Amino acid sequence: KWGEFVDALVVRYDGNPNIAYIDISGYGDFNEWQTSDQTQTDPAWDTAVAAGNYSAAAFQSLDGQARRRLVDMFIGESFRQHACRDRSDHVHYVDYSYGGFQHTQLLMPFSGILQSTQYAAWQRSDVGFRYDCLGGSMKPQRIIAAAGDTWRRAPVAFELCPPDDFVLDVARSVLVQTHGSLVHDNDSALTTGDAQSLVFGAGYRYVLRSATVPDSATPGQDLLIRMDWQNAGNAPAYRRMGQDFKLYLYLIGQSGQAALDGQAPVDVPTWMPADVPGGLPPDNLVSVTMHLPDGLPDGLYQLEVAIIDLRTGLPIRLGFGEPDQAGRYPLAQIRVGE
């Protein structure tokens with residue numbers, strides 16, 4: 001029945017641009033993969049991993065097989081001779097095959113069952129990670145190790161622990177080291193200042209470090225703009241979450257309307273955090289050539305920049321300066337002609 005429900009979700013919602021992500025759910029308290037009975041987890045898993053066996057055969061217990069099947073419903077997998085127990089306590093063997101979500105971002109909740117988190121990641125490298133008690137009593141290094149380098153391929157999301165089990169410094173450390181993108185302030189009773197300090201670096205944060213712009217231009221010729229961008233945030237953007245961004249430049253006339261605009265030939269979601277050791281260079285050097293039409297009226301123009309969210313068609317907030325009413329950021333004035 002759960003598989004039929006997930007199949008119906010896939011038909012209705014897979015690829016919907018207004019859905020940021022869907023949890024792989026169906027197991028544990030609150031559907032978030034908690035278990036208070038550690039004997040339910042598969043003791044054969046550690047032995048299998050130590051031997052380099054990451055296959056489905058490592059799930060030897062009925063509980064392990066059930067968890068594998070729940071993951072397969074979402075990621076899209078097939079398996080033969082899956083063991084399951086009926087209400088009369090009899091074990092049956094069945095085959096299954098699921099199409100799964102192929103376009104919408106999936107997140108795998110983690111609450112201590114490492115082998116299920118690892119299985120989802122090994123089967124689909126584009127599955128993200130979610131933990132529902134950031135700043136809580138679980139050892140931080142256990143969470144950090146479970147998340148691994150997921151953030152390089154898929155988003156990492158958190159919910160905050162309740163106030164009686166929350167330590168701000170622990171939450172901040174885990175968020176930074178896992179390169180988290182989202183934090184859900186679910187009745188945590190954080191003060192505004194603490195909440196802002198915690199999530200300030202979460203996700204992407206694009207900063208224009210410098211720009212080289214000519215102070216004059218001539219109609220009929222090219223205008224060359226060079227920029228040095230940096231992702232000063234904690235993670236890249238993720239297209240599967242709807243974060244598909246394009247960089248635009250605008251030449252604004254005296255009327256306040258854009259007389260000319262141009263898209264930069266760059267892939268903004270590939271801009272990685274600047275402080276990642278061994279990662280891509282922190283500087284993203286961008287050159288844009290705007291051809292000024294022959295009939296462009298002489299006068300003083302304002303050059304402005306924006307990163308546009310293709311899902312909404314609107315500019316996003318950037319990590320420098322203040323935008324104008326249209327959400328664009330002024331760079332320099334350019335005199336055309338005369």
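This section describes the overall make-up of a predicted protein model and then the surroundings of several of its residues.

The secondary structure of the protein chain consists of seven helices and 16 strands. Of its 338 residues, 48% are buried, and the chain exposes about 16,700 Å², of which 49% is supplied by carbon and sulfur atoms. Among contacts with a separation of 6 or more, 69% are made by residues 24 or more positions apart in the protein chain.

Arg-130 is placed in strand S5, which covers residues 128-134. Its relative accessibility is 5%, and because values under 20% are classed as buried, Arg-130 falls into that class. The side chain of Arg-130 makes a polar contact, at 3.0 Å, with the side chain of Glu-159. When neighbours within four places in sequence are left aside, the residues in contact with Arg-130 include Tyr-21, Asp-23 and Glu-32, together with Leu-107, Met-108, Pro-109 and Phe-110, and also Ala-157 and Glu-159.

Ala-154 belongs to the loop between helix H5 (140-147) and strand S6 (156-160), and with a relative accessible area of 0% this residue is likewise buried. Although Ala-154 and Asp-126 are separated by 28 residues in sequence, their C-alpha atoms are 5.4 Å apart in space.

Strands S11 (residues 245-252) and S12 (residues 258-263) run antiparallel and are joined by five bridges. Leu-249 has Gly-262 of S12 as its bridge partner. In the hairpin formed by S11 and S12, five residues lie between the strands, and Gly-256 takes a positive phi near 90°.

Most residues other than glycine have a negative phi.

How values were computed. Residues are numbered from 1 along each chain as its sequence is written. This is a predicted model: local features need pLDDT of at least 70, side-chain atom pairs count only at pLDDT 80 or more; totals for chains, interfaces and linings use all residues. Side-chain values use heavy atoms; hydrogens and water are left out. Helices (H or I, at least four residues) and strands (E, at least two) are DSSP runs, numbered from the N terminus. Buried means under 20% relative accessible area, exposed over 50%, partly exposed in between (1.4 Å probe, protein chains only). Contact means heavy atoms within 4.5 Å. Accessible areas come from the Shrake-Rupley method with a 1.4 Å probe; for residues, only the protein chains shown count as cover. A polar contact is a pair of N or O atoms within 3.5 Å; within protein, one must be able to donate a hydrogen and the other to accept it, and residues adjacent in sequence count only if both atoms are side-chain atoms. Two strands pair if DSSP finds at least two bridges between them.
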